[in-house]
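Welcome! Have a look at the sequence and the model, and then let us walk through a few of the features together.

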Amino acid sequence: MAFFRNKKIRGVIYDFAHLEPMTFQVADQGQDFHVQVEYSCHVFTEKFDPAAHTPDLRYNHPGEPQERAFCLDRYEQSKFLPGLLAGLRGHSVYDSDRATYFVVKGIGNAPNVQTYVCFFAAVRAKKQGVDVHLKVRSAYSKDRLVRTARPIHFPTLIRSVANGQQVQFGPPSQIKRR
């Protein structure tokens with residue numbers, strides 16, 4: 001069964017196959033780690049506003065307490081997420097001060113995107129064969145963003161989480177929009 005069911009809106013069927021949970025490997029200090037990624041519906045929805053959204057845009061997902069609305073821009077941008085996350089192996093991510101991390105990317109031809117921000121949590125996995133469970137909490141284009149944040153090399157983050165070690169960030173530095 002699909003993690004997110006297809007949604008038909010105004011005669012168009014939107015497919016969410018690109019947001020199926022995935023696993024990829026990350027190597028750090030001679031160790032290989034299996035990272036399982038799962039996405040929240042917030043990567044393709046926004047808060048439902050009856051003044052701005054028609055009822056056909058409502059999106060309900062099990063376990064989601066807040067009423068959400070399908071957002072075409074976020075949906076189109078979400079197609080970049082699997083590649084963005086798998087491509088983090090040689091890059092830094094940043095501390096968001098909320099037990100989550102974020103990565104920033106400019107996405108070339110994506111609709112209406114200058115800066116795309118992906119927020120995620122990384123926790124030690126309980127599932128056999130997986131070292132770290134990465135839950136993408138939200139992802140969207142964001143024009144205004146803090147200029148500095150505490151970075152950590154993504155493989156170092158994965159190794160620290162997998163081994164149950166405290167995550168050690170670098171000093172605040174300019175955010176790179178890779």
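A residue is called buried when its relative accessible area is under 20%, exposed when over 50%, and partly exposed in between, using a 1.4 Å probe and protein chains only. This is a predicted model, in which local features need pLDDT of at least 70 and side-chain atom pairs count only at pLDDT 80 or more, while totals for chains, interfaces and linings use all residues. Residues are numbered from 1 along each chain as its sequence is written, and side-chain values use heavy atoms, with hydrogens and water left out.

| Cysteine | Relative accessibility | Class |
|---|---|---|
| Cys-41 | 3% | buried |
| Cys-71 | 12% | buried |

How many disulfides does a search of the whole structure find? The search finds 0, where a disulfide is a pair of cysteine sulfur atoms within 2.5 Å. For Cys-41, the closest cysteine sulfur is in Cys-71, and because 12 Å lies between the two sulfurs, they are too far apart for a bond.

Next comes a helix. Helices are DSSP runs (H or I, at least four residues), and strands (E, at least two) are too; both are numbered from the N terminus. Helix H3 spans residues 154-162 and is mostly covered, with 8 of its 9 residues buried. Among them are Phe-154, Leu-157, Ile-158 and even the charged-class Arg-159. Just after H3, Gly-164 takes a positive phi of about 70°.
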